[in-house]
Amino acid sequence: MKLLYLLYFDLNNTEFYGVKKKIESQVAALKKLNIDVDIAYCKGNSLIIESDINYRKIEIKRGLSHYRFSIYNVLKDNINKWGYNNVYIRFPGSVDYFFFNTLKMLNEKNITTYLELPTYPIGGELKDGLKLLLENKKYIYAIAKSIIYTSHIYFSRRIYKYIENIVTFMPYEKIWNCNTICIDNAVDIDKFSPIEKKVYSPNELILLGVANVAKWHGFDRVIEGIGEYYKNSDIRKINIVFNIVGSGELISQMK
């Protein structure tokens, strides 16, 4: 089996450092199953396709479709020639006309396609993005965002015809009429083995959050939950420590 792991962003961008580790761990796991995996990602005006032994750099254009139309053309012309029979795609943020047609085209070429959806539902994220643009008076971008949101609602309900499964971390049996495969959001235990703590205290709970901290990680809700716990006079209190490892604009707000 030969699989292309497709990303619509630059894998080496420091903003996606945590995501990169997850993807590398997923690729390592797939290789253990004797699956031949290449990773494709966008970098500047190029689509990079690489593996342990191969490296391709294909010129593409970003344009209004954020690489999507260019990637469609590259895959249409080359996917069968390169010998891939499976494509695993990390969700690019929304399902628009170009992405929908990419899934349709892959299906027509008898490519088995899996779509990884890290977050669901995503309507709140799209609405928050639109709200932020309006607050900053970026009306042209807000109009574009509203078009993306509307097209996503229309096209996402129709992708079930063209993909094998949606891969997700949430316990849904179906998303957008697609059967799901639920996996764990974890780390490669061959690289990061558990450390056994020698001394445990029954009066202390230590929580650890590791991320390039963003709103969707929900660390603010952990802090709020700890606050609610201490307010509840009916519960015997233990000491709760929440350590955050990582950086991000929200760190100062959470402090």
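The legends below describe an overview and several close-up views of a predicted model.

**Overview. The protein as a whole.** The protein has 255 residues, and buried residues make up 37% of them. Its secondary structure consists of seven helices and 11 strands. Along the principal axes, the C-alpha atoms fill a box of roughly 65 × 50 × 35 Å. The accessible surface comes to about 16,200 Å², with 54% of it belonging to carbon and sulfur atoms. Of the contacts between residues at least 6 apart in sequence, 64% join residues at least 24 apart.

**View 1. The largest nonpolar core.** This core has 37 residues, and I89 and I159 are those with the most contacts inside it. At least two core residues each come from β1 (2–6), β2 (36–43), β3 (46–50), α2 (68–78), β5 (86–90), α3 (97–108) and β6 (112–117). Helix α3 gives the most, with five residues. Another core, of 16 residues, lies apart from this one and includes Y41, I48, Y88 and V167. In soluble globular proteins, nonpolar side chains tend to be buried together.

**View 2. The surroundings of I159.** Leaving aside neighbours within four places in sequence, I159 is in contact with V95, F100, L103, L115, W176 and C178.

View 3. Helix α5 covers residues 139–156 and contains I140. At 1.5 Å a residue, the 18 residues of this helix should span 26 Å; the C-alpha atoms at its ends are 25 Å apart, which agrees. A142, S151, H152, F155 and S156 are buried in α5. I140, in contrast, counts as exposed because its relative accessible area is 66%, above the 50% cut-off.

View 4. I140, Y141, I143 and I147 make a nonpolar surface patch of about 480 Å². One of these residues, I140, lies in helix α5.

**View 5. I226 in helix α6.** Helix α6 runs over residues 219–231 and includes I226. The relative accessible area of I226 is 15%, so this residue is buried under the 20% cut-off. Apart from neighbours within four places in sequence, I226 is in contact with I240 and F242. I226 and F242 are 16 residues apart along the chain, and their C-alpha atoms are separated by 9.0 Å.

Notes
Residues numbered from 1 in each chain as written. Predicted model: local features only at pLDDT ≥ 70, side-chain atom pairs only at ≥ 80, totals over all residues. Heavy atoms only, no water. Patch = residues over 30% accessible without salt bridge, like charges linked within 9 Å, V, L, I, M, F, W, Y side chains within 5 Å. Areas by Shrake-Rupley, 256 points an atom, 1.4 Å probe, with all protein chains shown as cover. Salt bridge = Lys/Arg side-chain N within 4 Å of Asp/Glu carboxyl O. Helix = DSSP H or I, 4+ residues; strand = E, 2+ residues; numbered from the N terminus. Buried < 20%, exposed > 50% of the residue type's maximum accessible area, 1.4 Å probe, protein only. Core = buried A, V, L, I, M, F, W, Y, C linked by side-chain atoms within 4.5 Å. Contact = heavy atoms within 4.5 Å. Expected span 1.5 Å × (residues − 1).
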